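Colleague: I would like to learn how to read domains, chain contacts and helix packing in a model. Please take the features one at a time.

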Amino acid sequence: MIKIKEFFKLIVLGSVVTFVLGLMHILHAANTKDVNIAIILCCGVESPWDATMVESMERVKQAKPHGLNITYEYTEPIYGDAVMDAMTLFAESGDYDIIICHMTCSDMVQRINKDYPDVAFVSVGSGNSSKGGNEYWIYKRVHEAAYALGVLAGHMTESGVLGVVGTFPADDVNDEINAYFAGARTVKPDLIQKVSFIESWYDPGKAAEMTSAQISMGADMIFTLASNFAACEENNLLCFGNFADESHYSPSTHLSAPIAIWDRDITRIIDGWFDYKENGVPQNGNTEMMWTSMKDGGAVVAPFHGLADRIPANIRKIFDNTVNDIMSGDLVVELDVSEPKSD
Amino acid sequence: MSELFQEAVIISILAGTLRIMTPILFAAIGELVTQRAGIWNMGVEGTMIMGAFVSYVVATQSDSLPLAILSGILSGMVMGLIIGFMTSTLRVDHFITGLGLNLLVGGLTFFWFRIYVKGGHPPTFTGLENFSIPILASIPILGEVFFNQKPLTYIAILSVPVVSYFLYRTRWGLEIRCLGENPKAIDIKGLSVALRQYIAIIIGSGMTGLGGAFLMLGFSDRFQPDLTAGKGWLAIVAIIAGKWLPKGVFAAVLVFAFLESVAVHVQIIDADIPYQIFFALPYLASIILLILLRRKTNQPARLGVPYFR
């Protein structure tokens, strides 16, 4: 009899424990209905680099991955020690689940991420590294879209000279410049390439001067990564922008641009964080650079808007076929990150 | 490297020199007038940014470039008024005033810009266009370099003899120079030191504001913080390198602009030398000039020293 009593006691106790654990699980799951994200911007929300990240975040918010209510906020452009301060303040507040540092900052992340194991830290772009755990690394390559635009430029250039005004000769800048020229060379193998770096993320004076200088040396189409179309307008030339659709700045010259789409990258981070919060799976941030191809939604080509008529129908068809081939995987754009030079 | 000496490249380098020179020259010549009056205004960078921002807002709102340029000048004058009040009336340290204003304006213009764009696409404007001087523009090489520039470039070059004449051939100019050397002499004559310092800095800062407006309307299609990218500081260096003389300042600005133009073009040709070296040239040149000219300076004796009766 005593044994039966104890047996029932055990059953009751077991039921209570199971109930409590189940309740805790439900309550725990209830907490992961929300995710709050902080984005530390480097260059300002008007810059293509930052603008595209915020736009993607807004789309992901609407998509509600895992049914999560996403809230986010972003900073004014900051750099240097202020980034470290901002990151620490966000983490210390306890209000943020994911902190995205939209620049080269993994060295700073690695100084604090272990102190806040519940937070996912993300650094973005070249110049970073990652040790995994709650540290993630997003990389962006738009070289495939740049290649397609290079094919277009190769067909449309009359002088056979194409110019590119870059920011810094970084890995994720060089890749798209090289791909652009590679695309153009499939059409015009003897193409002359002109490349300038302003050695700054923003210096409109230098960018305008370099554009003008390239034009004076024969370039009749400019791919500008330096966000300034003033010289294109002055010389009435068709130009390509970079990372974002900036046609509103210069509707008469901005033909198109490779556009960065971050949706998949953001979702990947949210997935990792959610798995940790919901299922207790340790965060396992990527230690190698990970980028999303055009086929997988990592980049697109900006629409031609009002300048579509400037592209002859046969060239447009070739361009569309190139994009389709990239999207289908039939065309693999070679990745070349060597520093491009002028011919 | 030999490509650098081709005719088209030389023309492009020289034409680029004049374009790059324009905003720095406005700021440097304006600051020269200010410094000749004894005020060491370190707020040139901030004044340029203010001029750029105000001209951007007016250009996008009014679609009138003359109005935008005028507003850039006026905003510079207001900055000058503030600096004059701080340095001449309150006699605050000139360096602290200028540096403080640079920081304030950097943050303030950015804050106003945010309010102005309201999270949307920044409004756009049509920038300044080149103006070809009839007949002269058709002269081979020279025409393309000198006579096919933006109108403000011609005005910037003209400002050098005009300011030179003002400083050395007019009574007001003499009084302003006297302020920098011996303000007590002005005071003893019963003339107002403060009034003349105010006039000098308002004129000088107006020109600096014009430099900022040119940078905005002649070079860029959008406003960005730090738009000036250190050009205000280069203007100050040009004054020192130019030994506080209009023609010297003009020469120094011309050298800086030429070196930057060369640096821009070196990348476009297939040069074997790393282009970063050329980017450092204007700054290297300024340091070398400062070292070479350290004993031959015409620095006003009372520059940066608040005047107490």
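Colleague: How many residues of domain 1 of chain A are in contact with domain 2 of chain A?

Modeller: First, the source: this is a predicted model, in which local features need pLDDT of at least 70 and side-chain atom pairs count only at pLDDT 80 or more, while totals for chains, interfaces and linings use all residues. Residues are numbered from 1 along each chain as its sequence is written, and chains are lettered from A and ligands numbered from 1 in the order in which they are written. Two residues are in contact if their C-beta atoms, placed from the backbone, lie within 7 Å. On that basis 10 residues of domain 1 of chain A are in contact with 13 residues of domain 2 of chain A. Helix H2 (residues 48–63) of chain A supplies the largest share of the domain 1 side, 4 residues.

Colleague: How many residues of chain B are in contact with chain A?

Modeller: The size of an interface is often given as the accessible area lost when the parts come together. Here the count is of residues: 28 of chain B are in contact with 31 of chain A. H1(B) gives the most to the chain B side, with 6 residues. Helices and strands are DSSP runs numbered from the N terminus (H or I, at least four residues, for helices; E, at least two, for strands).

Colleague: At what angle do helix H6 and helix H7 of chain B pack?

Modeller: Two packed helices are described by the angle between their axes and the distance between the axes. Axes are lines fitted to C-alpha atoms, for helices over the stretch in contact, and angles run from 0 to 180 degrees between N-to-C directions. Helix H6 (residues 151–169) and helix H7 (residues 171–181) of chain B pack at about 75°, with axes 5 Å apart. H6(B) is therefore roughly perpendicular to H7(B) (65 to 115 degrees; under 35 is roughly parallel, over 145 roughly antiparallel, the rest oblique). Phe166(B), Leu167(B), Tyr168(B) and Arg169(B) of H6(B) meet Gly173(B), Ile176(B) and Arg177(B) of H7(B) in this contact.

Colleague: How many helices and strands are in chain B?

Modeller: Chain B has 12 helices and 2 strands. Its C-alpha atoms fill a box of roughly 60 × 50 × 40 Å along the principal axes.
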